[in-house]
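I opened this entry to keep a record of what I looked up, strand by strand and contact by contact. The structure goes in first.

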Amino acid sequence: VSYAVLIADDSAIVRSMVRKAIGMAGLPVSEFHEAANGREALEVMSRHWVDVVFADLNMPEMSGAELLERMSQDAALVSTPVVVVSSEHSQAKIDELKRKGICAYLKKPFRPESFREAVEAVLAAGRGGGRG
Amino acid sequence: VAEATPALLAETLGATLEEAAFVFTQPEESPPPFAARVLEARIGFSGPSAGELRLVADPSLARTLAANLLGEEEGAGLEARAPDALGELLNMVIGALVVRLFGDDARCRLGTPRVREIGPAEHAAGLAGAACAATLLEEEGRRIDLALKLLPAGGGVP
């Protein structure tokens with residue numbers, strides 16, 4: 001089984017860091033897609049199958065919170081697992097996002113091993129379909 | 001909840017540099033002046049107070065930060081990534097700082113970092129207008145500054 005992963009972050013350097021961390025976490029990846037904001041992420045998901053999304057919150061044009069909202073209203077995307085990777089450390093914000101159904105929350109700066117836990121959460125939730 | 005002080009800025013910046021980029025620093029009260037143009041990253045925030053945080057570094061240190069964030073050797077190609085690295089480190093610093101300033105349950109809105117090159121005089125003027133600031137030196141003596149400017153209550157993200 002391998003996974004199509006979408007990384008949404010306005011920082012190219014963070015997208016590279018997340019890509020490396022996912023690789024080190026041992027998630028078998030068939031395709032990496034990247035987006036610089038929520039709008040681009042939705043465009044990517046309209047063209048490609050995506051098994052799991054790693055998204056920042058503070059992005060220009062469309063934030064990660066707006067992206068989550070739009071995904072929750074789209075029958076094709078509502079069950080796609082989302083891992084938020086953000087510099088926001090507020091527990092209130094994290095709790096709110098978890099109530100909205102995110103799979104895991106990783107605080108920046110992150111360590112590669114924290115991605116392993118997030119990936120395990122995605123797999124345990126059984127929502128990351130993957131392709132055999 | 002902590003008061004905004006130079007020590008708090010130094011501690012938050014130092015911890016972030018160490019954890020994210022493996023750069024070890026010491027606070028310095030009488031730092032050497034920046035000799036040439038520097039990279040400045042700015043980010044706005046709003047919450048119980050609104051304001052702006054500025055992170056300013058020697059360009060060669062910003063290249064080192066880019067290399068360390070990416071886990072790559074320093075070399076050609078990293079110059080273009082230095083501004084992005086500095087902006088992202090500022091993003092990490094502000095995320096940690098607002099929780100320390102306003103508490104875990106405070107509702108805060110963060111902006112997105114903007115990075116540009118400025119001269120030493122413009123940076124000095126910015127420091128003079130800050131509510132508080134801290135300077136750190138890394139192991140090779142390269143300087144990085146963090147300055148906090150607060151706006152009157154009720155303001156949005158600058």
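**Conventions.** I worked on a predicted model, in which local features need pLDDT of at least 70 and side-chain atom pairs count only at pLDDT 80 or more, while totals for chains, interfaces and linings use all residues. Residues are numbered from 1 along each chain as its sequence is written, chains are lettered from A and ligands numbered from 1 in the order in which they are written, and side-chain values use heavy atoms, with hydrogens and water left out.

**Interface of chains A and B.** I began with contacts (heavy atoms within 4.5 Å). I found 22 residues of chain A in contact with 24 residues of chain B. The buried area, meaning the accessible area (1.4 Å probe) that two parts lose on being put together, summed over both, is about 1900 Å² between chain A and chain B. Carbon and sulfur atoms give 53% of that area.

I then looked for salt bridges, defined as a side-chain nitrogen of Lys or Arg within 4 Å of a carboxyl oxygen of Asp or Glu. Three of them are counted between chain A and chain B. I noted the one between the side chains of E96(A) and R107(B), at 2.7 Å, N to O.

Which elements give two or more residues to the side of chain A that touches chain B? They are α1 (12-25) and α4 (91-99) of chain A. Helices (H or I, at least four residues) and strands (E, at least two) are DSSP runs, numbered from the N terminus. The largest share, six residues, comes from α1(A). I sorted the residues on this side into eight nonpolar, seven polar and seven charged. Here Ala, Val, Leu, Ile, Met, Phe, Trp, Tyr, Cys and Pro count as nonpolar, Asp, Glu, Lys and Arg as charged, and the others, Gly among them, as polar.

**Strand β2 of chain B.** I used buried for under 20% relative accessible area, exposed for over 50% and partly exposed for in between (1.4 Å probe, protein chains only). Eight of the nine residues of β2(B) (residues 38-46) are buried, so the strand is largely enclosed by the rest of the structure.

I listed its pairings next; two strands pair if DSSP finds at least two bridges between them. β2(B) runs antiparallel to β5(B) (residues 114-118), with five bridges, and L39(B) has E117(B) as its bridge partner there. With β3(B) (residues 50-57) the pairing is antiparallel over seven bridges, and I43(B) is opposite L53(B). Three residues lie between β2(B) and β3(B), which form a hairpin. β4(B) (residues 109-110) pairs with β2(B) in the antiparallel sense over two bridges, where F45(B) is the partner of L110(B).

**Strand β3 of chain A.** In a regular strand the side chains alternate between the two faces of the sheet. In β3(A) (residues 52-55), V52(A) and F54(A) on one side and V53(A) and A55(A) on the other are all buried. β1(A) (residues 3-8) runs parallel to β3(A), joined by four bridges, and A8(A) partners A55(A). β4(A) (residues 82-86) is also parallel to β3(A), over three bridges, and V84(A) is the partner of A55(A).

**Salt bridges elsewhere.** D9(A) and K108(A) meet in one at 3.0 Å, N to O. D9(A) is in the loop between β1 and α1 of chain A and K108(A) in the loop between β5 (104-107) and α5 (112-125), so the pair ties together parts 99 residues apart in sequence. Both residues are buried.

In chain B, a network of salt bridges links E40(B), R42(B), E52(B), R54(B), R114(B), R116(B) and E122(B). I checked two of its pairs: E40(B) with R42(B) at 3.1 Å, and R116(B) with E122(B) at 2.7 Å. E40(B) is buried, at 1% relative accessible area. E122(B) is partly exposed at 39%, as is R116(B) at 36%.

**T16(B).** Last, I looked up T16(B) in helix α1 (residues 6-21) of chain B. Is T16(B) buried or exposed? T16(B) is buried, with a relative accessible area of 5%. Leaving aside neighbours within four places in sequence, T16(B) contacts A21(B), L89(B), M92(B) and V93(B).
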